[in-house]
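Subject: Structure handover

Hi,

My notes follow below it.

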Amino acid sequence: MNCPITFKQRKVLFMEQNELIVMRDIVKAFPGVIALNHAQLTLHKGEIHALMGENGAGKSTIIKCLTGVYERDAGEVYVQGVEGNVFNHSTEDAQKVGIATVYQEVNLCPNLSVAENLFIGREPVTKLGTVDWRTMNKRAKEIMTGLGISIDVTVALENYSLAIQQMIAIARAVDMECKVLILDEPTSSLDDNEVEKLFNVMRDLKAKGVGIIFVTHFLEQVYAVCDRITVMRNGSFVGDYSISELPRVKLVAAMLGKDFDDLAAIKPEGNVEINPEIMLKAEGLSHKGTVKPFDFEIHKGEVVGVTGLLGSGRSEMVRCIYGADKAQTGKEYIKGKEINIKAPIDAIKEGMAYLPDDRKADGCIGDLSVRDNIILALQARNGMFKKVSRAKQIEIADKFIDMLQIKTASRETPLSQLSGGNQQKVILARWLCTHPDFLILDEPTRGIDIGTKTEFQKLILQFAQEGMSVVFISSEIEEMLRTCTRMCVMRDGEKVGEIDGDMTQESVMSAIAGGEK
Amino acid sequence: MEKIKKLTKQQLFLPFFCLLLVLLINLIKNPAFFSIGIQHGVLYGRLIDILNRGSEIAILAVGQTLVVAVSAGTDISVGSVMSLSACGTCMMLAGYGVNSTTELAVPMGVGILFGIFLGGVCGAMNGALVAKLKIQPMVATLILFTAARAIGLLMCNNQITYIRYEPYKYLGNFIPGCPVPTAIFVTIAVIAVVTLFLKKTALGLYIQSAGINSRAARISGINSALICFLCYVICGVCAGIAGMVASSRIYSADSNNIGLNYELDAILAVALGGNSLGGGKFNLAGAVIGAYTIQAITTTLLAMGVSTDQAPVVKAIIVIIIVVVQAPTFKEWIANAEAKRKALKVEGGQQA
Amino acid sequence: MKSLKKFSGNTLLLLITIVLFVVMYAAGCVVYSAKGFTHVQTFLNLLITNAGLICVACGMTCVMLTGGIDISVGSLVAMDCMILAYGMGVKGWPCIPLIILILVIGLVFGAVQGFLIGYLKIQPFIITMAGMFFARGMTAVICTDQISITQQMNPTFYKWANAKINLPKFLGYVNKKGKTVVPFIRPTVVIAILVVALIFFLLKYTKFGRSLYAVGGNQQSATMMGLNVKTTKMKAYMLSSFLCSIGGICYCLNTMSGSVQQALGFEMNAIASAVIGGTLLTGGVGNVIGSLFGVLINGTISTLVTTNGKLLSSWSNIMTAALLCFFIILQSLFAYFKNRNSR
Amino acid sequence: GGSGGADATAPDATDATEAPADTSADAGEAPAADGEAITVGFAQVGHESDWRTASTNSVKAALSSENGIDLQFVDCDNDSAAQLEAVRNFIEQDVDYIVIDPIVSTGWDTVLTEADDAGIPVIVIDRTIDDSDKYVSWVGSEFTNEGLAAGAWLKAYAEAKGIKELNILEITGTTGSSAEIGRTKGFHQFVDSEGWKLLDSQTGDFTQEGGQKVMESYCKSYAGKFNVVICQNDNEAFGAIDAMKAAGVSYGVDGDVIVISFDACTAGLQKVLDKEINADFQCNPLQGPDCLKIIQALQGGQTVEKQTFMEEPWFVSEDVLKDISYKNNSGKDVTEPLIVVDKATVDEAY
Ligand SMILES: Nc1ncnc2c1ncn2[C@@H]1O[C@H](COP(=O)(O)OP(=O)(O)OP(=O)(O)O)[C@@H](O)[C@H]1O
Ligand SMILES: Nc1ncnc2c1ncn2[C@@H]1O[C@H](COP(=O)(O)OP(=O)(O)OP(=O)(O)O)[C@@H](O)[C@H]1O
Ligand SMILES: [Mg+2]
Ligand SMILES: [Mg+2]
């Protein structure tokens, strides 16, 4: 009995007929953390399987262990049609056994064309064995049109926004003839429209018998498409439930390991009276090629949302205000004083802060420690010669790690080793520690788990109460409704209007879609 | 055991280990290598040679480390800039057109400052091209790589300019009464100043941020371009100082030969010190140790009488061994192989 | 606007390079028309002298596409030349086996470098620098003398080196001595052009070629998309060293000799050519046609300096650097304005 | 322009500026003959040393417009491929003569054939071309003879001084350069035939720093075991002297170690005068006047000598021997006078 099972004996274990993947007792340790502690996952044929858990629960890690990005330390993996315990040493191996994956961070090559990104590694070839560009471009066009996106597929990927890139990554995985499709937070940068398209694709594949693993932090989406749910917590397996046996509240409780009073209304009732003091005012600001001239105004202690369709220029608008892209026309005033913003540092000195939407490109300094990442903006504001003392750095870092519940092995861990959601928290901490008067949050809750998300929203309101002005961009209208007092609507790089007072899902939707004009 | 493990985890362990390895070879081959004596009131021995002769590379490596960290590229002009600075100084000291002098035309300090200033100017030019015009570092520095030496030669009127003035020899040799080669002090001073600057200001953090993700650094309020420019200027100044030392050793400006191929050694030193040439995090001490490792190899080969033309073969092999030993992947392989061996042992034991 | 966007990175830089080359050459023709700059042969000489460099630059481009660099090329060319010269000039061996030998050496040399870089993930600069030391040292180990391959020692090789492929007569001119000079090229030029064409094809139309771009674009992504990054890198270095061997043969056919001092600084020329031709050192962007023009531009700069004929020793270096500087800055300004417009 | 450059370097190029004065008498008619300046293309090695600069200046001064010549000068920066390119460029420029100082001695056949086809005579100076005879004339030094000279002198000197055992350390020049090859070859003939002990030989790359580094190492490895140091140029000798000084080795006329050097530039002769270098063998850089003579001869339709060896005196610091007889490289027995250096010799040097 105490004799361990040898490899040969293990081969004898049968998988059930409709099981596509069985992962058991998976262990994966990183220096300082045990990311997976005897985790398990079972995927059936023709099901959409949600993988749920807090930030840093180990969702991405278990997926990477399956697809060969990481090599597991222990555990067994069985894949239908492959004999024995499967060890994928590279993603190439995983593709060979029929696993296609969209990873959490967009993993495409920015220098290649859209078509190539879709087909690299499996390019259509001519009779001579050479790459058939014509067919490739044609098929790429078809695939993208099929997803409702009409773009020039011969243009380099870097010219497209994060959302489009996300869709391309999905399209690539979907187009592979696979048994198993893994989607790690594919929807985090998509708007509702795109999400619906994705769901349709997923349902089609499901009908064809493909098993799908779907990671998301949006509970609605889980209930919209999924059949089963595996919940993970702290790298361990909590349970494998069918969707019907696990209502929302229970799911959240399972994820967090404690009861959670769902999404209690966090916005104070009634209209908050607006502080008459104008914090920031922009007149005719514009950036050539992205945003047309717009006016903008925000009062002290106000939370203003910016909404619009994918690519409507929400990000560009706030970047312009912050000076991340230097505005070419227009004037900006802070507290009535005209300011001249040439670079972000000028904005920081005026008390602004900007949490960018493209975390990987604009936010993370991956190889630096969590501590360095947190104090970066504060240090930049202080200037090079006023170094924040080591003790102070540690104090600040510890404070925010605690306050935002950042899951990290230590404060000296490189940021790149944190899970996606925790990286986002670190970047937020970077801005909070500068005590800004005016905070711009572009998709701050992207990839953040449900518990923290609520905390986040509470935090935003708390800041507002303390007199901070906040601009808030989110793809989730609901989230904005819960926090904002007013909303700007963007369409095609133009500010087309503002909504205040009567803000409901419907009114916002119709404003975005541009029903009336 | 625990302590040893902890020691091996240290960042500097590997570069240091490699240096020791090279010295160990010497210990086995010829223990006399380590004899240090005092002759004519100065320290004398191969180890002193390594410290002394390694100064230029070490100083260059300091500047190069910063440049590599901030721009993920290398400054290949440092060798030429060394030569230019030396020529500039000698021209100032001797006066234009004079090819040998025993009297200085200007005070020595002025001449030396001028040389270092020239280095800074070259660094500024490289920096402007890289930081402002976003030209790839290697190409931007290729310009001065080609031109600096020639400009130096023009300054010296196409000749080797000799400064036969005793104090000028101090920098590269000995100050009377002091048994330690002056170059060692210069190196220590350069390293100390740069380290202090990095420690006392946030420059280190800025450099690393700009080097890892310059877009994110800019958004966080760091003027990436300025930091990049600054690093190139520092690198240029380091090259200028190294040029002074090299020039003082031969009390002349041999434009064609001062700093010849030093850029390669400087870059190699940075890498041997465990720094990634891809930019980002850096480790100054490692680079300095790397520099002395290279010099130790060179001195060893010379001591063993390996012909200078063929020495590169041995040098190449040693370098490969060092980097392979340092490579994380290699360490992983070894660890895996070990684990497998152990696992097999266990399994084998059970069957028996 | 849309059409401008289509000239993404690669194509636009290439276009700029070609236009600047034509302008520069035309300027040379105007200024130095009296000094034979307008002769067809002047242009062909550019190809003849740089045939080896063109091959090497093609290999360098492939390596740079993966985000790597290969600075061993110059020494490798020197070693190849030395092997050829020593084999033929001293030992009197036949040339075909020797050529095969150095091609194999190229592959093996590249494989070792590529293995260390791809599989052990050691920085390319360091490995190839070690390769550079090694090859240069080996050259000295083989022989420290200057060796030449003479007609007596190897008539076949001599014949190849001196073979002329004449162009039509009307392209020539009559010189002061009354002799008609018919423009010609050497077989090495044909080899170089073939190499460019082949590598162009390889990069554009084969899976391997495209994977070079992918690896250079984002190594992590390439891994996650299921490409075998390690092997791709290793192959890139093998290709580079192999092309280096071909370049070495061309170089040897041009110089007919071997010596330790040969091809010094060749790696810098190759890198500069590739970069001027629009290849990024960071990888993922580049093209061999660009590299070909890069070589021609470098060649033209040096021809301009040569043709001037009145420069003091040091001024020729300074002029070369100044022209290089001018060119690079112009190129970067164009790229800058293009980016600004399309953003 | 070219002439301005030559003027700027006047101070030490005394010989060079004299050169045109020597030849101007018979130079007058050549350009007058066809009324137009003769164009000459000169592909120089580079600018790596003072010696080279002297050589360049000498050619520039001789082939000047005063002598009816339009000189096209190219500095090839030690790149042999660039030199081939430069020669091809001269052919396209349709020059009347090409002068080459070949960086490498090999690989010239192809391009010389091209020049031949275009009817342009090629004159070679300084370094040699081994693999082709398609040039009309060569002017330069016989490096092997220089090596032999050093050997012959050392033999005679040791005999005169009664030194029994010679333990020699050699610092050679840049590997593969013809000077290095020739000097090594010549000197080693004596080492072998006389049974001298050559302790070590390393290259110092013709630089002062190189010489210094190698000597520093020698001083430790062979402390007290050597009594001759032969450096293949003056710069290396300066470095070696510094290193010996630092290591406390006594050298020169009054010391234990005999120092031999080549080149005999001003600074080198100064060291001979100071009795720090025992013997210095000149390597004459002033090929300009000879070059001019050849061109004028060819212009006048005369035939020229295939080889012209330049005069290269031997300088010593002690007056112990008058002259030395030896068998030179071409197998001829010759007797060379030894010149004891005085202030005037130093001032006249290049
Ligand atoms: N490469 C790595 N090195 C070290 N630790 C890592 C690495 N990758 C992940 N971790 C750690 O493993 C744990 C699990 O991370 P994982 O990315 O799997 O979380 P996740 O469930 O996907 O979270 P999120 O929802 O935020 O994406 C985290 O604590 C993280 O810090
Ligand atoms: N469907 C599309 N077709 C073509 N181009 C698009 C499309 N969607 C977005 N883009 C491009 O992407 C650019 C960037 O959009 P931007 O990031 O400003 O959008 P956003 O409103 O911030 O949306 P999100 O943050 O959700 O990506 C747009 O200027 C547009 O050129
Ligand atoms: Mg994740
Ligand atoms: Mg956005």
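A salt bridge here is a side-chain nitrogen of Lys or Arg within 4 Å of a carboxyl oxygen of Asp or Glu. By that rule, Arg482(A) and Glu478(A) are joined by a salt bridge, with 3.3 Å from N to O. The two residues sit 4 apart in helix H17 (residues 477–483) of chain A, so about one helical turn separates them. Helices are DSSP runs (H or I, at least four residues), numbered from the N terminus. Over all chains, the structure holds 46 salt bridges. Side chains of opposite charge can pair when their charged atoms come close.

Some ground rules. This is a predicted model: local features need pLDDT of at least 70, side-chain atom pairs count only at pLDDT 80 or more, and totals for chains, interfaces and linings use all residues. Residues are numbered from 1 along each chain as its sequence is written, chains are lettered from A and ligands numbered from 1 in the order in which they are written, and side-chain values use heavy atoms, with hydrogens and water left out.

**Chain B domains**

Chain B splits into domain 1 (2–305) and domain 2 (307–352). The bounds come from an automatic or database domain assignment. Taken over C-alpha atoms, the two domain centres are 33 Å apart.

How many residues of each domain are in contact? Domain 1 of chain B brings 14 and domain 2 of chain B brings 11, where contact means heavy atoms within 4.5 Å. The area buried between them is about 1,100 Å², and carbon and sulfur atoms give 79% of that. Buried area is the accessible area (1.4 Å probe) that two parts lose on being put together, summed over both.

The rule finds 1 salt bridge across this interface. Lys315(B) pairs with Asp265(B) in a salt bridge, their closest N and O atoms being 3.3 Å apart. On the side of domain 1 that touches domain 2, the elements giving two or more residues are helices H2 (13–29), H13 (262–272) and H14 (284–303) of chain B.

**Ligand 2**

There are 13 residues around ligand 2, each with a heavy atom within 4 Å of it. Those that come nearest are Gly311(A), Gly313(A), Arg314(A), Ser315(A) and Glu316(A).

Which atoms of Arg314(A) and Gly313(A) face ligand oxygens? For Arg314(A), a polar side-chain atom is 2.5 Å from an oxygen atom of ligand 2. For Gly313(A), a backbone N or O atom lies 3.1 Å from one. A polar backbone atom of Ser312(A) is 3.2 Å from an oxygen atom of ligand 2.

Best wishes

Key. A polar contact is a pair of N or O atoms within 3.5 Å; within protein, one must be able to donate a hydrogen and the other to accept it, and residues adjacent in sequence count only if both atoms are side-chain atoms.
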